[in-house]
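Me: I want to learn how to read the features of a model like this one. Can we go through them one at a time?

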Amino acid sequence: MNAWIPRIAGLAAFAMASLASSVAAAQTAPSEFEVSVPPTAFDKPITGRLIVAVSTKAEPEPRLAININGPAIFGADVEQLHPGKVAVVDADAPAFPMESLAALPPGDYYVQAVLIRYDQVHRSDGHVIWVPIHHARVPFQNLEGNLYSDEKSVHLDPAHGFDVSLSLNHVVPPAPEPADTEWIKHVRIKSALLSKFWGVPTYLGAAVLLPKGFNEHPDARYPAVYAESHGDPLYQFSFAPPTPEEIADAKDSNVQTGYDFQKTWTSAGFPRFVAIATFESSPYFLEAYSVDSVNNGPYGEAITKELIPYLEKKFRLIAKPYARFVQGASTGGWETLALQLKYPDFFGGAWVYNPDPISFTHWQTSNIYKDDNMFFVKSGPWLTEERPMRRTTEGQPTFTQRQLAQLEAVMGTHGRSGYQLDIWQATYGPVGEDGYPVLLFDKKTGIIDHKVADYMRDHGYDLTEYARQNWSTLGPKLAGKLNFISGEMDNFYLNLGVYDFEAMVKDVAGANYPIRFVYGRPKKGHNWHHVDFSQMIREMAASALANAPAGDDTVQWNY
C-alpha cells in the first residue's frame with residue numbers, strides 16, 4: 001500500500017537537486033557593465049578611470065551626484081582603450097559602498113558611466129605617468145574633456161546576472177571663463193616652474209576683489225590678503241540681497257552674508273585692501289596645498305616667486321612683507337599656515353581657520369607615528385572600533401575613514417581619486433619607483449606604512465613638528481603673526497591638531513609668546529569663524545599700520 005512513497009521521495013530529491021543546481025548556476029551568472037567609446041566622441045586610444053554610477057534617482061544625473069552619500073559606484077582603469085572597443089566593469093571591480101557589484105541589492109536603477117581622462121606627462125624628475133591635467137575647481141568626474149554616457153533605466157539583480165551596455169557618447173564641454181566685473185578681476189598665468197616640472201603648460205590663477213576707489217586713486221598702493229583654497233572674502237561678496245538660507249548659513253558660521261560684506265567693503269572708512277583668491281589645481285586634487293612636493297611640484301615657489309609678484313605689479317600692491325597677509329579655512333587653513341611657516345620673511349601674518357591636520361600625531365584621530373591602522377582602533381582586549389572621518393557637532397559619527405578610503409579606491413588608483421585622503425598622501429609623501437605617490441596606508445586594510453609617516457615628518461609636512469624643529473629661527477620671525485581659529489567640535493576633528501600646535505608653542509616658547517588661539521564653544525563646527533571677514537581685514541589693517549617701516553607711506557590706502 002505504501003510502495004509508491006520511495007518513488008515520490010526520489011523524484012522530490014531529484015527536483016531539489018535540479019533546483020539547487022539552477023540556483024547555483026544563476027548565482028554564478030556574470031554581472032557586468034560593458035562600456036564603449038564611439039569614434040564620434042573620441043577618435044584616439046584613451047587612458048583614464050572608468051566609473052559606473054548606479055542610482056535610485058534620475059535627478060541629478062548619477063555621474064554628477066558622486067560623493068560619500070551619493071550613488072553606488074564601481075571603477076576600473078582603462079589603458080589605451082580604442083574607439084569601438086569595450087571596457088568591462090564587473091564583480092571584480094572596486095565598489096562603494098558595498099563590497100562588490102555582486103552585493104548590489106536587486107532593484108530598479110538609473111546607471112551612467114563616466115571616463116575621467118588621463119594625460120601622459122614626462123616630468124622633470126624622469127618619471128612618465130598618467131594623470132588628469134586640468135585647471136578647474138570641480139570634482140574630477142566633471143572635468144572638461146571627460147566622456148560620459150546617457151542615463152539608462154534598468155533592473156539589476158546580481159543573483160541572476162546582467163549585462164548592461166553603455167556608450168560614452170558625450171564629452172564634458174569647457175567651463176565658461178569667469179567674467180570680470182567692476183569689482184572682481186580674474187587672472188591666469190603660465191608658471192614656468194610648474195610647467196618645467198610637469199612637462200606640460202601649467203597655470204596659476206586668481207580672482208581679485210578691488211577696493212572702493214581703486215580707479216579713482218591711481219597712485220595708491222594697497223595691502224593684500226591672499227585667501228587660500230575657499231577664497232571666502234570673494235565668495236562672500238554680492239550685491240544681491242541675501243536669501244533666508246544665506247542668512248542662516250552666515251549666522252551659523254558667525255560671518256556676514258555676501259550682501260552685508262559688500263556693504264561693509266564699499267563703505268566709507270573701511271580699510272582699502274585687495275582680497276585675492278588663489279587657484280592652484282593639482283593633477284591629484286582641486287588644490288595643490290601651496291607647498292613644494294615631489295609628487296605635486298614646486299607650488300610654494302611658484303606662488304611666492306611667480307604669482308604674487310605678478311599680482312603686485314598688476315594691481316598696485318605693496319610688495320613688502322608687512323602688507324602681505326594670508327588666510328584660509330580647512331584645506332586653505334593648512335595652506336595658510338604652511339606658507340607662513342615656509343616663507344616667514346615673505347608674509348606679514350596668517351589667519352588659520354580649522355586647518356587640515358597640522359600635527360600628524362593627530363591626523364584627525366590617528367597618530368600615524370604610533371598607530372598601526374588608519375581604520376580601526378582597539379578599545380580593549382576584545383573590542384575594535386572604526387575610526388570616524390566626520391561627525392556632527394554633537395559628536396555623532398556620519399562616516400568613517402574606511403568608507404572614504406573605499407570610495408577613493410573606486411575613483412582612482414595611484415592616488416588619483418581627486419579626494420581628500422589621496423591629496424594629503426600625494427602632497428606629503430614620497431614618490432615611488434613608478435612615479436606615483438607612495439601611499440601612507442593600505443586602502444583595503446588600513447595598515448599604516450611608518451616609513452612613509454617618517455618621510456612626511458622629516459620633510460616638513462607635519463607643520464607642528466616642522467615649527468618645533470626650526471623654532472630657534474622661526475620663533476622670532478613669527479611673533480605676533482599667527483592666529484588660529486577652530487571650533488571645539490570641528491566636524492573633521494581638526495581642532496585636535498590645533499591643540500597640538502598650541503602645546504608645542506608653550507613647550508618651546510613659553511606661555512607668554514605672542515600668538516593667538518581662539519576656540520569656538522560650545523558645539524562650534526568646521527565652518528565657525530571668530531569674527532566676520534570684515535573684522536578680520538580690520539585686524540590685518542591694524543597689523544599693517546603697526547608694522548610698516550618708519551617713513552613708509554601706508555596711510556595712502558586708508559582713504
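Reply: Start with strand pairing. Two strands pair if DSSP finds at least two bridges between them. Keep in mind that this is a predicted model. Here E23 and strand E24 (residues 397–400) pair in the antiparallel sense, over three bridges.

Me: Which residue is the bridge partner of Arg391 in E24?

Reply: Pro397 is the partner of Arg391. The two strands form a hairpin, with five residues between E23 and E24. In that turn, Gly395 has a positive phi of about 95°.

Me: Is Tyr493 buried or exposed?

Reply: Tyr493 counts as buried, because its relative accessibility is 9% and the cut-off for buried is under 20%. Gln80 has 38% relative accessibility, so it counts as partly exposed.

Me: And which peptide bonds are cis?

Reply: One joins Glu59 to Pro60, with omega near -10°. Pro60 is in the loop between strand E2 (46–55) and strand E3 (72–81). Another cis bond joins Phe96 and Pro97, with omega about 0°. Pro97 is in the loop between strand E5 (95–96) and strand E6 (107–117).

Me: Next, salt bridges. What is the criterion, and how many are there in the whole structure?

Reply: Look for a side-chain nitrogen of Lys or Arg within 4 Å of a carboxyl oxygen of Asp or Glu. A search of the whole structure finds 20 salt bridges. In one of them, the side chains of Arg324 and Glu312 meet at 2.5 Å, N to O. Arg324 lies in strand E19 (residues 324–329) and Glu312 in helix H6 (residues 299–314), so the pair ties together parts that are 12 residues apart in sequence. Both Arg324 and Glu312 are buried.

Me: Where do Arg387 and Asp371 lie?

Reply: Their side chains meet in a salt bridge at 3.1 Å, N to O. Arg387 is in the loop between strand E22 (384–386) and strand E23 (388–391), and Asp371 in the loop between strand E20 (349–353) and strand E21 (376–378), so the bridge ties together parts that are 16 residues apart in sequence. Arg387 counts as buried, because its relative accessibility is 7%.

Me: What about a salt bridge inside a helix?

Reply: An α-helix has 3.6 residues a turn, so residues three or four places apart point the same way. Lys506 and Glu502 form a salt bridge at 3.9 Å, N to O. They are four residues apart in helix H13 (residues 495–509), so about one helical turn separates them. Elsewhere, salt bridges that share partners join Arg49, Asp77 and Arg416 into one network.

Me: Which residues gather in a surface patch of negative charge?

Reply: Glu245, Glu246, Asp249 and Asp252 do. Asp252 is found in helix H4 (residues 244–253). Asp252 counts as exposed, because its relative accessibility is 59%.

Me: How many residues of helix H8 (residues 401–411) are buried?

Reply: Eight of its 11 residues are buried, so H8 is mostly covered. Among them are Leu404, Leu407 and Met411.

Definitions and conventions:
Residues are numbered from 1 along each chain as its sequence is written. This is a predicted model: local features need pLDDT of at least 70, side-chain atom pairs count only at pLDDT 80 or more; totals for chains, interfaces and linings use all residues. Side-chain values use heavy atoms; hydrogens and water are left out. Patches are made of residues with over 30% relative accessible area and no salt bridge: like charges are joined within 9 Å, nonpolar side chains (Val, Leu, Ile, Met, Phe, Trp, Tyr) within 5 Å. Accessible areas come from the Shrake-Rupley method with a 1.4 Å probe; for residues, only the protein chains shown count as cover. Lys and Arg count as positive and Asp and Glu as negative; His and the chain ends are not counted. The place of a charge is taken as NZ of Lys, CZ of Arg, CG of Asp or CD of Glu. Buried means under 20% relative accessible area, exposed over 50%, partly exposed in between (1.4 Å probe, protein chains only).
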